[in-house]
Amino acid sequence: MSKQKQRIFGAVAVAGLWLVLAAWLWFGPRQDISQAERRKLEQFPAATVQTLLDGRFMTKFETFTQDQFPLRDGFRQLKAGFSYGVLRKLDNNGIYLADGSAGKLEYPLNSNSVSSAVEKFQKIYDRYLKDGGGKIVFSVVPDKSYYLASGNGYPAMDYEAMFSAFRALPWAQYVELTDLLTGESYYKTDTHWRQETLLPVAERIGEALGVQVEDSYSPAALERPFYGVYYGQAALPLEPDTIWLLESDTLSGCTVTNYETGEHSSVYDRTKLDSRDLYDVFLSGPAAVLTVENPAAGNHRELIVFRDSFGSSLVPLLLPGYSKVTLLDIRYLPTDLLPQMVEFGDQDVLFLYSTLVLNQSAMLK
């Protein structure tokens, strides 16, 4: 075959490939959700005079073509594999691999965000807690990069500066957690910590609160594999995690109530086994206000927990010490509405927040 014919054949092949992809995009099936990335995908935008004139149609159309591109997940994996294996890049989409685990670059420290979080918590104390009679404890959960980043050549935020800001709160006892955790304390494909590693954390926090939280636990593995949030973002064929639950008679007897919906559930909500995020099994996933009643407590002590999602797997381990625990997530609940949800009094109070949230504290209402 002559060189001219080879060029013509190559051009026709490329043009044919793009025609097939274009036809697939326009006429093929469209996905509503990316299971790998755990997010909704853009659909074909409505074309109106207004959206065409103000540019919204083209902006949404560009996102639509990216989200609905044929064989998108396969191309994402190919691109990620090429970046890591051929170009030898250290991360893909901000996700890196270290010590057999996927982490996300969390850098640099957002000092303004930390200051805003301190101010937010100070206002909560001044408005609702300063006249209470219970103990107040504050703990910061380090994200996985605290253990993985700098030791593997990746930039890391100034964690010590963040911790110091919350250690300085005069009205709370700060409980250090960093020495109780390692990189192995977290799921390899996700941001969250593994409950089966958290007994020392629960015991230290319980000691600061002045309660006994020991219980007899039986580990139980969920039958469905756990593909965490970093699995989709890394776009690499990583091995899934297994979620282990620490079960006990005490926890089996507890009742969880969602304040917004009025629904009741168990501490470990197995109806969430079909959820896009299997971590939702812990206390039924994200919720503004939850209460947990423990009839086996043998006391009338109550605990209020201001928390993010890391608290979902830790709070069950604190339940043996309390007859009632109220969980408040001010990412979904404005602090001005707190008195409508809970009557503050002599309860103990735990603030438990991850560095991920504190470094982006604008999400706290």
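Reader: Which residues of α5 meet which residues of α7?

Author: In this predicted model, V114, A117, V118 and F121 of α5 meet M162, A165 and F166 of α7. By class, the contact has seven nonpolar, no polar and no charged residues.

Reader: What makes V114, A117, V118 and F121 count as being in contact with α7?

Author: Contact means heavy atoms within 4.5 Å, and these α5 residues meet M162, A165 and F166 in α7.

Reader: And why are α5 and α7 called roughly parallel?

Author: Helix α5 covers residues 111-129 and helix α7 covers residues 159-167, and they pack at an angle of about 20 degrees. Angles under 35 degrees count as roughly parallel, so that is the label for α5 and α7. Their axes lie 10 Å apart, and α5 passes α7 in a right-handed crossing.

Reader: Okay, on to charges. How do you know that R167 and E160 form a salt bridge?

Author: Look at the N to O distance: it is 2.6 Å between the side chains of R167 and E160. The cut-off is 4 Å, so the pair counts as a salt bridge.

Reader: What makes E176 and R167 a salt bridge?

Author: That's the 4 Å cut-off again. The N to O distance for E176 and R167 is 2.9 Å, so this pair passes. Put together, E160, R167 and E176 are linked in a network of salt bridges.

Reader: Why is R167 called partly exposed rather than buried or exposed?

Author: Buried means under 20% relative accessible area and exposed means over 50%. R167 has 32%, so it lands in between. E160, at 43%, is partly exposed too, and E176 counts as partly exposed at 22%.

Reader: What makes R204 and D179 a salt bridge?

Author: Their closest N and O atoms are 2.8 Å apart, and the limit is 4 Å, so R204 and D179 qualify. This pair links distant parts of the chain: R204 sits in helix α8 (residues 199-209), while D179 is in the loop between β6 (173-174) and α8, 25 residues apart.

Reader: How do you know that R204 is partly exposed?

Author: Its relative accessibility is 28%.

Reader: How many salt bridges does a search of the whole structure find?

Author: Nine, including R167 with E160 and R204 with D179.

Conventions
Residues are numbered from 1 along each chain as its sequence is written. This is a predicted model: local features need pLDDT of at least 70, side-chain atom pairs count only at pLDDT 80 or more; totals for chains, interfaces and linings use all residues. Side-chain values use heavy atoms; hydrogens and water are left out. Axes are lines fitted to C-alpha atoms, for helices over the stretch in contact, and angles run from 0 to 180 degrees between N-to-C directions. Helices (H or I, at least four residues) and strands (E, at least two) are DSSP runs, numbered from the N terminus. Angles under 35 degrees count as roughly parallel, over 145 as roughly antiparallel, 65 to 115 as roughly perpendicular and the rest as oblique. A crossing is left-handed if the near helix is turned anticlockwise from the far one by less than a right angle, and right-handed if clockwise. Ala, Val, Leu, Ile, Met, Phe, Trp, Tyr, Cys and Pro count as nonpolar, Asp, Glu, Lys and Arg as charged, and the others, Gly among them, as polar. Buried means under 20% relative accessible area, exposed over 50%, partly exposed in between (1.4 Å probe, protein chains only).
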